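Student: I have a structure to go through with you. Where do the labels used to describe it come from?
Tutor: Let us look at it and test each label against its cut-off.

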Amino acid sequence: MHFQWYPGHMSKAKRMMQEDMKLIDVVIELVDARIPLSSKNPDIDELAKNKSRVILLNKYDLADPKYTDHWKAYFERQGYFVTLVNSKNGNGIRKVNEVVQQACKEKIERNRKRGILNRPLRAMVVGIPNVGKSTFINSIAGKAATKTGNKPGVTKGKQWIKINKNIDLLDTPGILWPKFEDQSVGLRLAFIGSLREEILNTFELSLELIKFLILNYKGNLANRYGVEESDDAVKTLSGIAEKRACRIKGGELDLNKAAGIVMDDFRNGRLGTITLEFPSVSDTEQTS
Ligand code: G4P
């Protein structure tokens with residue numbers, strides 16, 4: 001399978017983000033805890049240089065906790081301030097305030113020395129599409145606060161959301177498109193549903209996922225579907241189709257339907273908490 005990415009309005013979004021960067025102190029970057037590197041666009045380092053940096057490992061509810069801790073340590077070693085969040089149910093959201101304060105410690109101290117007290121930090125959320133930016137903003141801001149920024153026509157100029165007395169958040173997140181040459185990065189983005197569906201083949205994608213799961217999460221497919229996990233991914237998928245009674249007219253197995261079920265179950269966490277990329281062995285050694 002070969003993946004390509006069509007950048008669309010990429011350069012315009014990048015220009016807008018450059019402008020927004022001038023207004024803020026701290027960048028809150030969301031990555032997907034299941035693919036923390038593949039969901040990270042390297043352009044942000046250039047765009048956000050001289051800014052305090054926070055990384056949120058979002059959707060940690062879907063990732064393997066063992067590796068999420070390793071990834072947290074990995075980014076911390078690179079100088080980021082990191083915390084885990086589940087923007088959907090709000091877990092970990094309260095901790096974000098604390099991490100932002102830590103990331104901006106020097107700025108707060110500088111201000112204090114100049115006699116500037118209690119000036120809110122200005123923050124901006126960035127991340128690739130579908131990583132959970134809007135869900136996060138809604139979660140941290142509370143429903144009422146975000147609504148004011150969403151009225152069409154009234155949003156001339158920048159809208160800020162007051163998170164608390166310490167943080168003002170720009171209401172529109174910066175969108176970074178995934179950037180990759182490595183096809184395995186494309187594959188991971190496709191697994192989590194971050195590449196446009198129409199350019200993908202669900203059947204082939206599910207076979208790749210099945211291979212990955214059997215290699216790294218043995219037993220998860222058997223648990224979910226009651227199938228025998230075979231080294232032959234098509235055979236495993238056929239087993240799933242049989243168990244789920246996926247058949248086309250005439251009684252033949254409908255593998256495309258079964259493939260859709262597998263991808264949907266994976267993306268919704270029904271195949272277990274799964275991480276798709278792992279810190280390298282040397283990184284893991286340093287953290288354990
Ligand atoms: P974006 O602004 O970065 O493009 O992402 P958005 O907030 O629209 O979130 C994309 C999808 O990810 C949404 O699911 C959202 O509910 C889900 N999501 C966001 N954060 C988390 C999280 O921490 N954990 C989990 N499990 N899911 C999260 P959707 O299927 O598009 O919508 P919905 O059916 O959930 O409403």
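Tutor: Start with the definition of exposure: a residue is buried under 20% relative accessible area, exposed over 50%, and partly exposed in between. Keep in mind that this is a predicted model.

Student: Why is Asn50 called exposed?
Tutor: Asn50 has a relative accessibility of 77%, and the label exposed applies over 50%. Asn50 therefore counts as exposed. Asn50 sits in the loop between helix H2 (43-47) and strand E2 (52-58).

Student: What makes the backbone of Asn50 worth a remark?
Tutor: Asn50 is not a glycine, yet its phi is positive, about 75°. Most residues other than glycine have a negative phi. Lys59, also not a glycine, has a positive phi of about 60°; Lys59 is placed in the loop between E2 and helix H3 (65-77).

Student: Why is Glu29 called buried?
Tutor: The relative accessibility of Glu29 is 1%, and buried means under 20%, so Glu29 is buried. Glu29 belongs to strand E1 (residues 26-32).

Student: How do you know that the side chains of Glu29 and Arg53 make a polar contact?
Tutor: They come to 3.1 Å, and the limit for such a pair of N or O atoms is 3.5 Å. Leaving aside neighbours within four places in sequence, the residues in contact with Glu29 include Arg53, Lys40 and Tyr80.

Student: What makes a set of residues a nonpolar core, and how many residues does the largest one have?
Tutor: The members are buried residues of the nonpolar kinds, joined through side-chain atoms within 4.5 Å. The largest such core has 60 residues, and those with the most contacts inside it are Ile28, Val100, Phe136, Leu169 and Leu276. Helix H9 (residues 202-216) gives the largest share, seven residues. The core draws at least three residues from each of domain 1 (8-171) and domain 2 (201-287).

Student: Which residues does Ile28 touch?
Tutor: Not counting residues up to four places away in sequence, Ile28 touches several residues, among them Val54, Val100, Phe136 and Leu169.

Student: How many aromatic pairs does the structure hold, and why is Tyr74 with Phe75 called edge-to-face?
Tutor: The structure holds seven aromatic pairs. For Tyr74 and Phe75, the centres are 5.1 Å apart and the planes make an angle of 80°. Centres must lie within 6.5 Å to pair, and planes over 60 degrees apart count as edge-to-face, so both conditions hold. Tyr74, at 13% relative accessibility, is buried because the limit is 20%; Phe75, at 0%, is therefore buried too.

Student: Why is the pair of Phe212 and Phe278 called stacked?
Tutor: Their centres are 6.3 Å apart and their planes 15° apart. Planes under 30 degrees apart count as stacked, so that is the label. The pair links distant parts of the chain, 66 residues apart: Phe212 is in helix H9, and Phe278 is in the loop between helix H12 (255-267) and helix H13 (281-287). Phe212, at 15% relative accessible area, is buried, whereas Phe278, at 30%, is partly exposed. Ring pairs also join Phe212 and Phe278 with Tyr67 and Tyr217 in a cluster.

Student: How do you know that Ser206 is buried, and what does its side chain reach?
Tutor: Its relative accessible area is 0%, under the 20% limit, so Ser206 is buried. The Ser206 side chain reaches the backbone oxygen of Phe203 at 2.8 Å. Ser206 is found in helix H9, and, residues up to four places away aside, it touches Leu237, Ala259 and Met263.

Student: What makes Asp232 a cap of H11 (residues 233-243)?
Tutor: A side-chain oxygen of Asp232 lies 3.0 Å from the backbone nitrogen of Val234, at the N-terminal end of H11. Asp232 is in the loop between H10 and H11. At 40% relative accessibility, between the two cut-offs, Asp232 therefore counts as partly exposed.

Notes. Residues are numbered from 1 along each chain as its sequence is written. This is a predicted model: local features need pLDDT of at least 70, side-chain atom pairs count only at pLDDT 80 or more; totals for chains, interfaces and linings use all residues. Side-chain values use heavy atoms; hydrogens and water are left out. Buried means under 20% relative accessible area, exposed over 50%, partly exposed in between (1.4 Å probe, protein chains only). Helices (H or I, at least four residues) and strands (E, at least two) are DSSP runs, numbered from the N terminus. Domain bounds come from an automatic or database domain assignment. Contact means heavy atoms within 4.5 Å. Rings of Phe, Tyr and Trp (its six-membered ring) pair if their centres lie within 6.5 Å; planes under 30 degrees apart count as stacked, over 60 as edge-to-face and the rest as tilted. A polar contact is a pair of N or O atoms within 3.5 Å; within protein, one must be able to donate a hydrogen and the other to accept it, and residues adjacent in sequence count only if both atoms are side-chain atoms.
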